[in-house]
Structures are given as C-alpha cells and as structure tokens.
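Subject: Structure for your review

Hello,

Please find the structure below, as promised. My notes on helix packing and a few backbone angles follow it.

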Amino acid sequence: MPANKKTSVISNEKIDDLKLTKANKIILGLQQELPKYINKGHGPFLAAIYDSDGNLIAKAANSVANKSCSHNHAEMNAIKLAEKKLGTYDLSPYNLSIYVTSEPCMMCLGGIMWSGIKAVYYGVPSERVTKITGFDEGFKQNWFDEFKKRRITVYGQIETEAGEKVLKDYISHGHTIYKPGK
Ligand SMILES: [Zn+2]
C-alpha cells in the first residue's frame, strides 16, 4: 500500500495531499478534544463524520462504559447520529467521510461498510492501541484491500503521536479498560 515517507501515513489509494492535510487538521482537533470526553466518563475514542463540503454531520465519543452498551464505539455512535439526522440507513448518496482518533475495530469496520460511508481516516493503528491499552481490536485481515474493492478510501496512521499520548494518559489515569471476562 502507498505510504508517505515523511509521516508514515498509509492508504489504499495514491496519497492525495489535499485529503491528507484536511485529515491531519481534523484528527489533531479530535485528539485535542478527546480528554474533555474522557473526563466525562467516555472511552478514549472520538469519531466525526463530515460531508465533502466540510460540514460536520455527526460527532460522538465511545460510550461503552458510561452507557453500559458493548457496541457503543465512537464510530457506531457517530454513524447512528448521522443516519438519524439525515433520516436514512444508507449514507452513500451523501459522500461522507469518517475521521476517527484510532483505527476502527472489527465491529466498526462492519458498521462503516454497512453505512455507505465513502472514506475512513484514522489516527493510532490497532497494534499500538492494543499495546498501549490492552483493548482487543479484533482480527481484520486485508481490510484496506477489502474496503478498496467496495470503493471505500482509507488513510491511516494520521497524527499518531498526539493520539498515542491521549491513550497513554487514559491508562495512567486509571480509566476503565472494558472487555468481556475470560
Ligand atoms: Zn469499534
């Protein structure tokens, strides 16, 4: 997959500098905003959905622990809000992009695929999320290629330094690592 040497950003298309510049700005903004959500009891992940004109359609943080629901990941919450706002289960005519502070887990990849969202931009890759936090992000073989087949663009590893810092702070403050027992 194409990689940008300067930033370690990876994609399933030839990297478009305009898209990347926009994504850097949005994801850095989400990372800066995320501690505010964590302090209110949310999990350490934030997602925002934008249309192609740059209008914010929906934004949501992870609410697994504070709302007692295992599928309340940031991406799922944001998709649910966008669909409610637009009054449809099929977002594909709206040409939407989702920006997430960390790589989507296996459930959220499914949720994104079913929603009709056209592009995914994420910060911290799953292997780093798992290493830092202990969350199990699931098995996601070849998902960049699978999304490409479905005409969904993916850019990953955007502003990872800022993202890793938020996750490390989440752990050092002793916040919940929610997962099913063994
Ligand atoms: Zn998820």
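Two residues are taken to be in contact if their C-beta atoms, placed from the backbone, lie within 7 Å. Please keep in mind that this is a predicted model.

Helix α5

Helix α5 covers residues 126-133, and its buried residues are S126, V129 and T133. Viewed down the axis of α5, these buried residues fall within an arc of 55°, so they line one face of the helix. An α-helix has 3.6 residues a turn, so residues three or four places apart point the same way. The buried residues of α5 pack against β5 (97-102), β6 (119-124) and α7 (160-172). After α5 comes G134, with a positive phi near 90°.

α5 against α7

Two packed helices are described by the angle between their axes and the distance between the axes. For α5 and α7 the angle is about 25° and the axes are 9 Å apart. Angles under 35 degrees count as roughly parallel, and α5 is therefore roughly parallel to α7. The crossing of α5 with α7 is right-handed. On the α5 side the contact involves R128, V129, I132 and T133, which meet E164, L167, K168, Y170 and I171 in α7. By type, the residues of this contact are 5 nonpolar, 1 polar and 3 charged.

α3 against α4

Helix α3 (residues 74-86) and helix α4 (residues 106-115) have axes that come within 9 Å and cross at roughly 20°. α3 and α4 are therefore roughly parallel to each other. Their crossing is left-handed. E75, M76 and I79 in α3 meet C108, G111, I112 and S115 in α4. The residues of this contact divide into 4 nonpolar, 2 polar and 1 charged.

Which loop holds R151? R151 lies between α6 (143-149) and β7 (153-156). Its phi is positive, near 60°, and R151 is not a glycine. R151 has 9 C-beta neighbours inside 10 Å and therefore counts as exposed.

Q157 is in the loop between β7 and α7. Q157 is not a glycine either, and has a positive phi of about 65°. With 19 C-beta neighbours inside 10 Å, Q157 counts as partly exposed, because a residue is buried only if 20 or more other C-beta atoms lie within 10 Å of its own.

Regards

Technical notes
Residues are numbered from 1 along each chain as its sequence is written. This is a predicted model: local features need pLDDT of at least 70, side-chain atom pairs count only at pLDDT 80 or more; totals for chains, interfaces and linings use all residues. Axes are lines fitted to C-alpha atoms, for helices over the stretch in contact, and angles run from 0 to 180 degrees between N-to-C directions. Helices (H or I, at least four residues) and strands (E, at least two) are DSSP runs, numbered from the N terminus. Angles under 35 degrees count as roughly parallel, over 145 as roughly antiparallel, 65 to 115 as roughly perpendicular and the rest as oblique. A crossing is left-handed if the near helix is turned anticlockwise from the far one by less than a right angle, and right-handed if clockwise. Ala, Val, Leu, Ile, Met, Phe, Trp, Tyr, Cys and Pro count as nonpolar, Asp, Glu, Lys and Arg as charged, and the others, Gly among them, as polar. A residue is buried if 20 or more other C-beta atoms lie within 10 Å of its own, exposed if 12 or fewer, and partly exposed in between; C-beta atoms are placed from the backbone. The arc is that of the directions from the helix axis to the C-beta atoms.
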